[in-house]
Amino acid sequence: MLDPKRLRTELDEVAKQLARRGFKLDVDAVRALEGQRKALQTHTEELQNQRNLRSKSIGQAKARGEDIAPLMAEVSSLGDQLKTAEQDLAKIQTDLETIALGLPNILDASVPDGADENQNVEVRRWGEPKQFDFEPKQHFELGTNQAWMDFESASKLTGARFVVLRAAMARLHRALTQFMLDTHTQEHGYTELYVPYMVNADSLRGTGQLPKFEEDLFKLNNEQGYYLIPTSEVPVTNLVRDTIVDAASLPLKFTSHTPCFRSEAGSHGKDTRGLIRQHQFEKVEMVQITRPDQSWQALEEMVGNAEAILQKLGLPYRVITLCSGDTGFSAAKTYDLEVWLPGQQKYREISSCSNTLDFQARRMVARFRNPETGKTELLHTLNGSGVAVGRALVAVVENYQQADGRIRIPEVLRNYMGGAEYLT
RNA sequence: GGAGAGCUGGCUGAGCGGUCGAAAGCGGCGGUCUUGAAAACCGUUGAAGGGCAACCUUCCGGGGGUUCGAAUCCCUCGCUCUCCGCCA
């Protein structure tokens with residue numbers, strides 16, 4: 001959520017900033033609503049003041065043993081007026097809040113302008129795409145060996161966009177997860193968390209998935225209306241919702257491995273084959289909760305933490321800055337890591353690291369007490385994939401394939417694979 | 001699933017339907033003392049919104065109700081704890 005004060009005082013500037021995303025803010029409508037809100041609020045507060053004063057004087061008169069009947073008569077009509085005013089005010093405030101919750105974050109000045117992913121800007125590359133002396137296959141072709149990746153069975157069990165992994169492939173998937181968690185906890189200073197895979201609507205509102213993106217989520221049909229998490233960013237970041245974090249404990253650095261569930265509404269026909277786009281996938285997530293003056297530094301660090309995973313795995317990748325039109329709702333700036341997939345001859349997204357500044361913190365009311373001022377201030381929150389496990393599996397399989405169809409195991413994973421050199 | 005108790009400021013914890021935004025303690029901040037620190041003592045210290053300001057409004061788990069007036073009474077939902085039952 002944007003600072004409501006800023007929305008009032010710098011409405012035109014905010015609208016101009018949001019236009020960078022292609023978001024059109026109806027300035028006149030907001031201004032009109034805001035005018036009504038102000039008038040109604042003043043009016044309501046005046047009535048409340050009257051009620052409070054009179055009720056108080058009734059109390060005092062009664063204490064003195066005086067007759068309170070005339071005072072009671074005087075105050076009788078106030079109640080209805082007040083009720084009407086309060087209801088009108090609540091309505092306006094709800095309308096304004098609905099608008100505010102639908103506004104995306106303001107982009108950082110360093111974010112390049114652009115309409116879509118084609119205008120994203122490459123920052124750097126690491127590693128050279130490996131040259132094969134044969135035609136490299138796509139992962140789902142390689143996965144047919146021993147039914148390692150079994151899409152047919154999954155579609156029988158559930159439907160499209162699911163997979164069953166078998167034997168060495170299932171273990172490689174687990175090995176990748178372990179490797180990532182161990183690296184982040186042992187080398188990057190993150191604390192590992194195990195969290196719920198279902199969350200309530202408040203949590204999703206806190207991180208920005210609700211109210212606007214409900215169609216992307218799986219909602220459970222239970223009494224509470226829980227949702228399956230689309231990313232562990234939601235439960236992990238919401239740990240600080242409605243809390244005042246001890247300044248000395250900052251930055252908080254959490255990593256968590258969870259499944260992620262996405263409806264993929266609106267991506268029909270995209271990546272229909274293989275593991276790239278599934279309704280259920282595993283991800284190792286990094287979340288940092290920082291002081292406001294530390295968040296940009298933390299973003300760079302987090303990208304580095306994700307890069308370290310790919311480097312250790314020997315997977316060529318590039319880092320890109322998402323352009324204004326491609327940056328997600330909550331983010332002020334996002335770096336994506338794109339890993340080289342020889343089977344597709346393309347770089348494909350494998351990690352996304354974002355600084356949301358105080359955008360999520362304001363929704364969550366996540367604060368710390370600034371030791372310098374003694375005042376509570378909003379925190380900054382960041383999240384990044386470190387990295388998507390399913391896509392990492394794809395990348396390893398494609399990059400480590402041999403002419404004879406065997407898959408070599410990257411050195412760093414062998415300890416997790418019983419010392420084997422090849423998938424068998 | 002059954003029975004009961006509770007949910008109050010950064011934390012712990014008092015609080016008769018009427019100067020209660022809320023005692024007290026802890027913590028924080030400022031000061032005295034000290035070479036410095038600790039201890040002790042004194043003072044100060046909730047959040048949000050509106051207003052140039054004086055000041056006003058709202059907030060005692062969420063929502064609703066009763067009342068001139070609700071932290072306090074009623075309803076409802078959520079959560080925590082205790083006991084019983086069931087169970088991975």
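I count a residue as near a strand if one of its heavy atoms lies within 4 Å of it. I am working on a predicted model.

**Entry 1: RNA strand B**

I began with the RNA and kept to that cut-off. Of the atoms of RNA strand B within 4 Å of the protein, 72% belong to sugar or phosphate. The rest belong to bases.

Next I listed the protein side. I found 18 residues around RNA strand B. Arg8, Lys38, Gln48, Arg51 and Ser55 are the closest. By class, this surface has eight charged, six polar and four nonpolar residues.

Helix α3 gives the most, with 12 residues.

Then I looked up single atom pairs. Lys38 places a polar side-chain atom 2.8 Å from a phosphate oxygen of RNA strand B. Ser55 uses its backbone: a polar backbone atom lies 2.7 Å from a base nitrogen of RNA strand B.

**Entry 2: α2 against α3**

I stayed with α3 and checked its packing with helix α2 (residues 11–19). The two helices pack at an angle of about 145°, and their axes are 10 Å apart. The crossing of α2 past α3 is right-handed. From α2, the contact takes Leu11, Asp12 and Ala15. From α3, it takes Val27, Val30 and Arg31. I sorted the residues of this contact: four are nonpolar, two are charged and none is polar.

**Entry 3: the three-stranded sheet**

Three strands form an open sheet in the order β7-β13-β14, with mixed pairing. The edges are β7 (244–245) and β14 (376–378), each pairing on one side only. I checked β13 with β14: they pair in the antiparallel sense over three bridges. Which residue of β14 is the bridge partner of Arg369? I found Thr376.

**Entry 4: the eight-stranded sheet**

I turned to another sheet. Eight strands make an open sheet in the order β1-β10-β11-β12-β15-β9-β8-β4, and the pairing is mixed. Its edge strands are β1 (121–126) and β4 (191–193). The twist averages 25° from one strand to the next.

What packs on the sheet? I found helix α11 (residues 295–312) there. Helix α11 touches β1, β8 (252–261), β9 (280–290), β10 (317–321), β11, β12 and β15 (380–388). The direction of α11 makes about 5° with that of β15.

Inside the sheet I looked at one pair of strands. Strand β11 (residues 333–341) and strand β12 (residues 346–355) pair in the antiparallel sense over nine bridges. Glu338 stands opposite Glu349 in β12.

**Entry 5: α8 against α13**

Helix α8 passes α13 in a right-handed crossing.

I wrote down both faces. Helix α8 brings Met169, Leu172, His173, Leu176, Thr177 and Met180. Helix α13 meets them with Val389, Gly390, Ala392, Leu393, Val396 and Val397. Nine residues of the contact are nonpolar, three are polar and none is charged.

Terms used
Residues are numbered from 1 along each chain as its sequence is written. Chains are lettered from A and ligands numbered from 1 in the order in which they are written. This is a predicted model: local features need pLDDT of at least 70, side-chain atom pairs count only at pLDDT 80 or more; totals for chains, interfaces and linings use all residues. Side-chain values use heavy atoms; hydrogens and water are left out. A crossing is left-handed if the near helix is turned anticlockwise from the far one by less than a right angle, and right-handed if clockwise. Helices (H or I, at least four residues) and strands (E, at least two) are DSSP runs, numbered from the N terminus. Contact means heavy atoms within 4.5 Å. Ala, Val, Leu, Ile, Met, Phe, Trp, Tyr, Cys and Pro count as nonpolar, Asp, Glu, Lys and Arg as charged, and the others, Gly among them, as polar. A polar contact is a pair of N or O atoms within 3.5 Å; within protein, one must be able to donate a hydrogen and the other to accept it, and residues adjacent in sequence count only if both atoms are side-chain atoms. Two strands pair if DSSP finds at least two bridges between them. Axes are lines fitted to C-alpha atoms, for helices over the stretch in contact, and angles run from 0 to 180 degrees between N-to-C directions.
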